[in-house]
Amino acid sequence: MSNRIFSGIRPSGKLHLGNYLGAIKNWIELQDKPDTEQAIFAVVDYHGITTPFDPKTYKQQAMDVILDYLAAGLAPKKVLLMRQSRVSQHTELAWIFNTITPVSWLDRLPTYREQLEKSPKYNHMGLLDYPVLMAADILIYKSNVVPVGEDQMPHIDLTNEIAKKFNSMFGQTFDPVKAHLAEGARIMSLQEPTKKMSKTGDDGIALSDAPDVIREKIKKAVTDSGKEIIYDPEKKPAVSNLLTIHHLLSGKAIKSIENEYFGKSYSEFKSDLAEVVADFLKPFQERRKELEADMTYVEDLLIESEEKAKEMAQKTLDEVKTRMGLL
Ligand code: TYM
C-alpha cells in the first residue's frame, strides 16, 4: 500500500534532540521510501498559540522550524513543507470534527492535563480542542502514517476515533491512521530522566547549541547510582538515556558502547558523548547558516508547497462537506 505521511512540530521554542530523534530523523528516512506516495511536514503554528507565546517573535519562530527541517535533510523536492495557519482547510475540518467529538474524549487526555498544570491561566477552548485540530491536520490529507514520538500516541488514537465516528455518521471517508514510532520515540530530560526531554533550560540539547554549551549540559546531566555504564532503563534511566542518544547519533550498537566503556568513569563517557553530539550537529548547523542567508529561496518553496497542500486539502474538505449536505 502506498503511504501518505503527515507530521508537525509546534514552533514553541528551539527544537531539541528529542524532536530530532523522536520525529525528524524518522521523517527523513520515510521521505526516501518507495511506498511513500506523499509526505507533508508542517510547523503547526495554530497549535503553538494554545500555550503562551510572543507575537513579536512568533513568525520568526515558525520560520526557524522550517529552517531546521531543511537543515536536517528534508528535501523540498520530495516532501511538502508548510505553515499550518496558511492552509485554512485544517481549521475548517477541525470545526466540522468539533461537532462530532464528545468533550469527554478530550478532557481526560494526559497532554491536556499536563499543559494545564504548566500554564493554568491557559484553560481555554483551544487547549482542550487541540487534539481535534491535530486529527484534522492528519485527515485533511487522508494520511495513514504519522511519524511521531511516543507522547503523541493518545492523539493518534483519538484521530482514529474521530475518523470512525465520521465514517459511521456520514459514510466511509477516512481510513485508519497508524503512528510510526522511531527508536528514539522517547528521549528523556538530562536533568530529570524520568520526564521526556523538553524545550526548557538544561533539560535538553537544542539543535542549535554550540559545542561548549553541549559539553556543559552533558557534563551537568544527572547520572544514576552505581558506576556501571549499562543499558537498563528501569534501574538506570539516566545512563540508559545517554546511551540511547550515543547509539542513535553515532550509529554504534548499545552493546558495543557498553563494552567500550566497561570499567571506565561516567565523566569519560560523558565527555566522549558530548563530542559525538557536537560532531553530529556541526554539519546541521552549517547547513542552517547557509539557508539563513537565502531566505527568498525558503519563502518561495514554502509558498509553492502550501499551494499544493491547499489543493489536496480542498479535495478532502469538498468530499466531507458533500457528505454532510453542506455542499
Ligand atoms: P511537539 O511540538 O510537542 O513535538 C514534535 C515532535 O517531537 C516529538 N518529541 C519527542 N520525541 C522523543 N522524545 C522526546 N523527548 C520528544 N519531545 C517531543 C513529539 O512526539 C512530536 O512527534 N501535537 C504535536 C504536534 C502536531 C502533530 C500534528 C503531530 C500537531 N498536529 C499532526 C503529528 C501530526 C506536538 O505537540 O508535538
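How do the residues of the shell around the ligand divide into nonpolar, polar and charged? Let's start there, everyone. The shell holds 12 nonpolar, 10 polar and six charged residues. In that count, Ala, Val, Leu, Ile, Met, Phe, Trp, Tyr, Cys and Pro are nonpolar, Asp, Glu, Lys and Arg are charged, and the others, Gly among them, are polar.

A quick word on what you are looking at. This is a predicted model, where local features need pLDDT of at least 70 and side-chain atom pairs count only at pLDDT 80 or more, while totals for chains, interfaces and linings use all residues. Residues are numbered from 1 along each chain as its sequence is written, and side-chain values use heavy atoms, with hydrogens and water left out.

Back to the ligand. It is surrounded by 28 residues, and the closest are R10, Y130, D137, D151 and I187; a residue is near the ligand if one of its heavy atoms lies within 4 Å of it. Some of these neighbours make polar contacts, meaning a pair of N or O atoms within 3.5 Å; within protein, one must be able to donate a hydrogen and the other to accept it, and residues adjacent in sequence count only if both atoms are side-chain atoms. The side chain of Y130 has an N or O atom 2.5 Å from a ligand oxygen. For N19, a polar side-chain atom sits 3.1 Å from an oxygen atom of the ligand. D151 also brings a side-chain N or O atom to 2.5 Å from a ligand oxygen. Taken alone, the ligand exposes 710 Å², and the protein buries 98% of that. Such areas come from the Shrake-Rupley method with a 1.4 Å probe; for residues, only the protein chains shown count as cover. Elements giving two or more residues to the shell are β1 (3-9), α1 (17-31), α6 (125-139) and β4 (145-148). Helices here (H or I, at least four residues) and strands (E, at least two) are DSSP runs, numbered from the N terminus.

Now, salt bridges. How many are there? The count comes to 24, with a salt bridge being a side-chain nitrogen of Lys or Arg within 4 Å of a carboxyl oxygen of Asp or Glu. One of them joins the side chains of R186 and E150, at 3.6 Å from N to O. R186 lies in the loop between β5 (178-181) and α8 (211-220) and E150 in the loop between β4 and α7 (153-170), so this pair ties together parts that are 36 residues apart in sequence. R186 is partly exposed at 41% relative accessible area, and E150 is partly exposed at 37%. By the cut-offs, buried means under 20% relative accessible area, exposed over 50%, and partly exposed in between (1.4 Å probe, protein chains only).

Please find helix α12 (residues 295-323) next. R323 and E319 both lie in this helix, four residues apart, about one turn, and their side chains form a salt bridge of 3.6 Å, N to O. R323 has 36% relative accessibility, so it counts as partly exposed. Elsewhere, salt bridges that share partners join D64, D68, R288 and E292 into one network.

Finally, the surface. Which residues form a nonpolar patch there? They are Y46, I49 and F53, with about 240 Å² of accessible area together. Patches are made of residues with over 30% relative accessible area and no salt bridge, joining like charges within 9 Å and nonpolar side chains (Val, Leu, Ile, Met, Phe, Trp, Tyr) within 5 Å. F53 sits in the loop between α2 (45-48) and α3 (55-72).
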